[in-house]
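Here is a short report for a reader who is new to this structure. Look at the chain first, then read on.

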Amino acid sequence: MAMANLARRKGCAVVSSERLRYSFFSVASRGFASGSDQNDVVVIGGGPGGYVAAIKAAQLGLKTTCIEKRGTLGGTCLNVGCIPSKALLHSSHMYHEAKHSFAHHGVKLSNVEVDLPAMLAQKDKAVSNLTKGIEGLFKKNKVTYVKGYGKFVSPSEVSVDTPDGGNTVVTGKHIIVATGSDVKSLPGVTIDEKKIVSSTGALALSEIPKRFIVIGAGYIGLEMGSVWGRLGSEVTVVEFAPDIVPTMDAEIRKQFQRSLEKQGMKFKLKTKVVGVDTSGDGVKLTIEPAAGGDQTTLEADVVLVSAGRTPYTAGLGLEKIGVETDKGGRILVNERFATNVSGVYAIGDVIPGPMLAHKAEEDGVACVEYIAGKVGHVDYDKVPGVVYTNPEVAYVGKTEEQVKASGVEYRVGKFPFMANSRAKAIDNAEGLVKILAEKETDKILGVHIMASNAGELIHEAAIALQYDASSEDIARVCHAHPTMSEALKEAAMATYDKPIHI
């Protein structure tokens, strides 16, 4: 059954119970009158959620304009987030492999060096090509692209301050806020993008720091710590919480942290930063236990602040038109992504739910499908998450802790990559697959993978969860041999019966 048919069968977008929304009103289907000046859809923000929403709206026959202040499309993700970080993760991994693993495979190099300017140039080239590609997609789909900072004049009008100092007003029957998120600041810590950097600054360091401290043990912090650690930095991660990546399954998290520690990454958990001194050549951090206690000092050349992100809605004029937000600044929407103001919608990082680019894209498609009188579909409980370190960690569905808390009786099936023939053949066998399934029905509740290519392997599991598959369903699908995907099949066999190769 196609996804669209699944959504129609369910009759509405499916969202997490944690998602805050208004349910006391709905958005009626509207006809779209022709008009040379007024748009059917105006999107404020050209990031993953915004540009995808704009393209989809145009594909559905709606006259569409997208407003973006950055001057390049793709948002944080493409310009200073997901894409450049993955470029540097790959380049730094290649260097690390050449320096530490090639000889084991019979490839001997007399001298391996880091050419940081070339590495950064490759990253910038990838970003440039992709941003231009989105502009090409806009032209192909006849989306009007307006560069500038947009703010509401009324629920149907957006005033845009353009880069040349001018101003224009864009009108639309339906306006979608897709302005994304920004770096969350820490009290007393000023980001200068030189000594104390955000993820943006960490992607553009002019030299490899000898000592690199990361504040925050989430996705971004661990990925950027991995980049500079592979290139030679001494990396220390300071985290207020007792664990790294709190959304991760505890068993997987424990193995993941152990793997990162083997790579040289140091962790100071249950620790808070209480002072910062940048008066010298480097940075001195004063830290103490989260519960209080004796203070100590850490020194670094560069400190990355990676303590999460916050919705970016400043200056949009939301309060002027009466759009309601929660205490965290997130825009409240109903199941159709409509705010409490008729004709105004919001998607992506500015609304409740996972702050992930792929979630924002799904929001964008579903939102414009509702606007066009169709049915959209997003299920926040089945959005995969990936940490792109090496090994990668990917997961979808519930953790074992969440399943236990729900009171559902369940079974667990695990399979290590040490017993997978492809992983052994390429000498890359660290990690495992873990599957959680309901005991009575065998319905899969969650899948967690730690492996070099976990981010690719997880999508078989995502499809399985989307269609309420059982572990036996996966186990009885023929998987090509030898592949690392076979580990997922074996873990499924271990869940409902017994695996073959262990």
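Helices (H or I, at least four residues) and strands (E, at least two) are DSSP runs, numbered from the N terminus. The model is predicted: local features need pLDDT of at least 70, side-chain atom pairs count only at pLDDT 80 or more, and totals for chains, interfaces and linings use all residues. Residues are numbered from 1 along each chain as its sequence is written, and side-chain values use heavy atoms, with hydrogens and water left out.

**The whole chain**

The protein chain has 15 helices and 22 strands. Its C-alpha trace spans about 65 × 60 × 50 Å along the principal axes. The radius of gyration, taken over C-alpha atoms, is compared with a globule rule of 2.2 Å times the number of residues to the power 0.38. For 502 residues a compact globule would have a value near 23 Å, and the protein chain agrees with 24 Å.

Buried means under 20% relative accessible area, exposed over 50%, and partly exposed in between (1.4 Å probe, protein chains only). Buried residues make up 49% of the 502 residues. Accessible areas come from the Shrake-Rupley method with a 1.4 Å probe; for residues, only the protein chains shown count as cover. The accessible surface of the protein chain is about 23100 Å², and carbon and sulfur atoms hold 51% of it.

A contact means heavy atoms within 4.5 Å. Take the contacts between residues at least 6 apart in sequence: 64% of them join residues at least 24 apart.

**Two enclosed strands**

Two strands, 1 and 2, deserve a look together. Strand 1 covers residues 39–44. Six of its six residues are buried, so strand 1 is largely enclosed by the rest of the structure. Strand 2 covers residues 64–68, and five of its five residues are buried, so the rest of the structure largely encloses this strand too.

In a regular strand the side chains alternate between the two faces of the sheet. Which residues cover the faces of strand 2? Thr64, Cys66 and Glu68 lie on one side, Thr65 and Ile67 on the other, and all are buried.

Two strands pair if DSSP finds at least two bridges between them. Strands 1 and 2 pair in the parallel sense over four bridges. Here Val43 stands opposite Cys66 in strand 2. Strand 1 also runs parallel to strand 6 (residues 167–177), joined by five bridges. There Asn39 stands opposite Gly172 in strand 6.

**Backbone exceptions**

Most residues other than glycine have a negative phi, and most peptide bonds are trans. The table lists some residues that depart from this pattern.

| Site | Backbone value |
|---|---|
| Asn390 to Pro391 | cis, omega near 5° |
| His481 to Pro482 | cis, omega about -5° |
| Lys270 | phi near 50° |
| Asp468 | phi near 55° |

Where do these sites fall? Pro391 is in the loop between strand 18 (385–387) and strand 19 (392–397). Pro482 is in the loop between helix 14 (471–475) and helix 15 (486–496).

Lys270 sits in the loop between strand 11 (266–268) and strand 12 (271–277). This lysine is exposed, with a relative accessible area of 52%. Asp468 lies in the loop between helix 13 (454–466) and helix 14. Asp468 is partly exposed, at 42% relative accessible area.
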